[in-house]
Amino acid sequence: MGPFAFATSLFLFLIEICQQVDGIASKCDIYKGKWVFDASYPLYNSSNCPFIHQEFNCQNNGRPDRLYQNFRWQPTSCNLPRFNGKDFLRKFRGKRIMFVGDSLGLNQWQSLTCLLHTATPQDPYISQRVAAISTFSFPTYGVSIMFLRNAFLVDIVNEKDRRVLKLNSIGNGRIWKGYDVLIFDTWHWWLLTGRKQPWDYVQDNNITRKDMNRTVAYKKALRTWARWVNLNVDPAKTKVFFQGVSPDHVDSRDWADPTAKTCRGETWPILSTEYPGGSPSPQDVLKRVLRSVSKKIHLLDITGLSQLRKDGHPSAFGYGGHRGNDCTHWCLPGVPDTWNELLFATLIQT
């Protein structure tokens with residue numbers, strides 16, 4: 001195929017995809033639906049993605065069941081386009097995408113790099129970490145996917161031998177500038193206490209406290225982030241997403257199962273469209289803050305659909321092995337692959 005014919009074919013394909021996704025957006029909410037069994041899933045095999053972090057590589061860690069990999073998200077009133085890594089790389093040729101957040105952002109970043117690598121295994125890739133930024137790039141396409149670990153989004157500053165979480169300071173935002181796509185997340189680290197807590201004091205404006213209500217602190221930090229977006233983002237150049245709160249499954253009362261305790265041993269999703277435990281309050285806080293932002297922000301509203309996947313966590317097959325029970329992160333392949341299908345569908349639409 002000559003270069004003109006290839007360009008024409010690609011152009012027509014993109015028009016078709018754009019029309020398909022635009023139709024989706026006008027007809028239904030892609031975040032409302034249910035999980036259905038699909039033998040054509042997963043989208044890749046973990047053995048073909050050698051850089052998956054140990055804590056997400058459940059099959060390599062000995063998880064005996066595989067059925068959790070064979071479910072596809074089915075919106076109620078439309079179909080979600082299947083993720084196509086080659087099309088993604090062609091569409092975003094020369095672009096830079098950055099994930100900013102905690103280990104749930106890392107989970108999604110790793111999923112996306114696996115989806116893209118396994119779609120083009122013959123193409124070279126470069127994986128490196130410089131300071132706090134991990135970069136996975138595809139030189140053939142000039143596409144770079146970055147991850148910056150910043151669990152609170154706002155700053156933690158060392159002052160007089162104490163670590164201060166500053167709810168109104170976001171100096172790290174200088175690193176986020178100049179990217180084509182930004183995907184943020186935060187929540188889970190706000191709950192940590194004791195030695196796992198990475199700060200000693202929290203500062204709100206000029207008041208420094210030993211602690212405060214964590215949900216209130218989370219909301220104040222989100223407002224600081226929202227002000228940064230309003231001041232620094234040009235929507236014509238940068239698309240901004242916020243990953244909804246990723247749910248954990250540490251208490252089976254949330255999904256109304258008296259025979260279970262946590263996600264450990266769960267091998268089957270909830271096949272209804274609604275989660276018995278309802279929406280988590282941090283997600284409601286996030287939605288209210290996002291509505292206050294004057295710039296266009298896309299909520300990657302993965303909370304409800306992920307709540308239905310009590311079977312998708314590493315549990316005893318994560319980093320801690322059988323002594324651990326990870327009901328927070330997600331196995332790969334798994335649920336975060338669907339997050340990226342939703343991300344791609346929204347990116348194409350916009």
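**Figure 1. Burial and surface of the chain in the predicted model.** Of the 350 residues, 53% count as buried (under 20% relative accessible area, with exposed meaning over 50% and partly exposed in between; 1.4 Å probe, protein chains only). The accessible surface of the chain comes to about 16200 Å², and carbon and sulfur atoms contribute 51% of this area (Shrake-Rupley method with a 1.4 Å probe). This is a predicted model, in which local features need pLDDT of at least 70 and side-chain atom pairs count only at pLDDT 80 or more, while totals for chains, interfaces and linings use all residues. Residues are numbered from 1 along each chain as its sequence is written, and side-chain values use heavy atoms, with hydrogens and water left out.

**Figure 2. Secondary structure and overall dimensions.** The chain holds 7 helices and 13 strands (DSSP runs numbered from the N terminus: H or I of at least four residues for helices, E of at least two for strands). Its radius of gyration is 20 Å, close to the 20 Å that the globule rule gives for 350 residues, so the chain is as compact as a globular protein of that length (taken over C-alpha atoms; the rule is 2.2 Å times the number of residues to the power 0.38). The C-alpha trace spans about 65 × 50 × 40 Å along its principal axes.

**Figure 3. Surroundings of Arg214.** Arg214 lies in helix α4, which covers residues 214-232. Because its relative accessibility is 12%, Arg214 counts as buried. Not counting residues up to four places away in sequence, Arg214 touches Trp190, Leu191, Leu192, Thr193, Gln197 and Trp199 (heavy atoms within 4.5 Å).
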